[in-house]
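Hi there,

Here is the structure I promised to pass on. Have a look when you have a moment, and my notes follow below.

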Amino acid sequence: MTVIGHNHIRKVETFDGYDIIAHPLPARDERVYYPTEPDSCSAGVTYSSHDVMVARPTGIGKKGRLAILMHHGGGRHVLEFYEGLLPVASALLALPEREQYALAYTIFEQADECAMGMRAAEARRWAEAHVDGRIRKRRRGRSQQVYVETEAERAIRRSR
């Protein structure tokens with residue numbers, strides 16, 4: 001799970017269920033950024049393989065949400081978030097097309113990077129708990145829950 005207001009990036013088959021409100025730089029060749037200074041030695045950057053759209057999800061329970069849709073070689077991905085937590089729609093839509101694309105792309109990539117960091121941190125937490133012997137199982141009725149015991153819980157359990 002990721003970022004902006006406990007929302008996450010998920011892979012989807014199609015973008016059905018979304019009303020596109022902005023599709024900045026729909027043509028591939030428009031998504032090439034050249035250096036702004038002619039005498040600089042940096043090369044241009046191309047994002048031609050990444051199509052970004054801003055949309056509103058449709059359907060029950062989706063009111064007040066905004067989505068950034070990303071289509072690239074890895075498939076179609078959606079980042080949804082509550083617009084009230086990150087009021088970007090009006091600011092994003094007021095920007096020129098190239099800036100819209102750049103900001104939507106940056107928000108999506110930052111969310112993805114945060115998600116990867118959280119997954120790595122969670123994997124480390126479980127690995128450390130395994131080494132320390134702090135993974136516990138709890139039964140409630142027919143279901144079984146596996147969790148990481150905290151140091152405080154471990155101290156209480158050992159003092160009994």
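Does tyrosine 105 count as buried or exposed? Keep in mind that this is a predicted model. Tyrosine 105 has a relative accessibility of 15%, so it counts as buried, the cut-off being under 20%. Tyrosine 101 is at 1% and therefore counts as buried too.

Beyond its neighbours within four places in sequence, Val52 is in contact with His23, Pro24, Ile68, Leu69, Met70, Tyr101, Ala104 and Tyr105.

On to the packing. The largest nonpolar core contains 20 residues, and Val52, Ile68 and Leu79 have the most contacts inside it. Two or more residues come from each of strand 5 (51–57), strand 6 (65–72), strand 7 (75–82), helix 1 (89–94) and helix 2 (97–132). Helix 2 gives the most, with 6 residues. There is also a second, separate core of 8 residues, with Met53, Ala67, Leu69 and Val78 among them.

Finally, two arginines for your charge-over-ring list. The charged end of arginine 65 sits over the ring of tyrosine 82, 4.2 Å from the ring centre. Arginine 138 lies over the face of tyrosine 147, at 4.1 Å from the centre of that ring.

Best wishes

Notes. Residues numbered from 1 in each chain as written. Predicted model: local features only at pLDDT ≥ 70, side-chain atom pairs only at ≥ 80, totals over all residues. Heavy atoms only, no water. Core = buried A, V, L, I, M, F, W, Y, C linked by side-chain atoms within 4.5 Å. Buried < 20%, exposed > 50% of the residue type's maximum accessible area, 1.4 Å probe, protein only. Helix = DSSP H or I, 4+ residues; strand = E, 2+ residues; numbered from the N terminus. Contact = heavy atoms within 4.5 Å. Lys NZ or Arg CZ within 6 Å of the ring centre and 35° of its normal.
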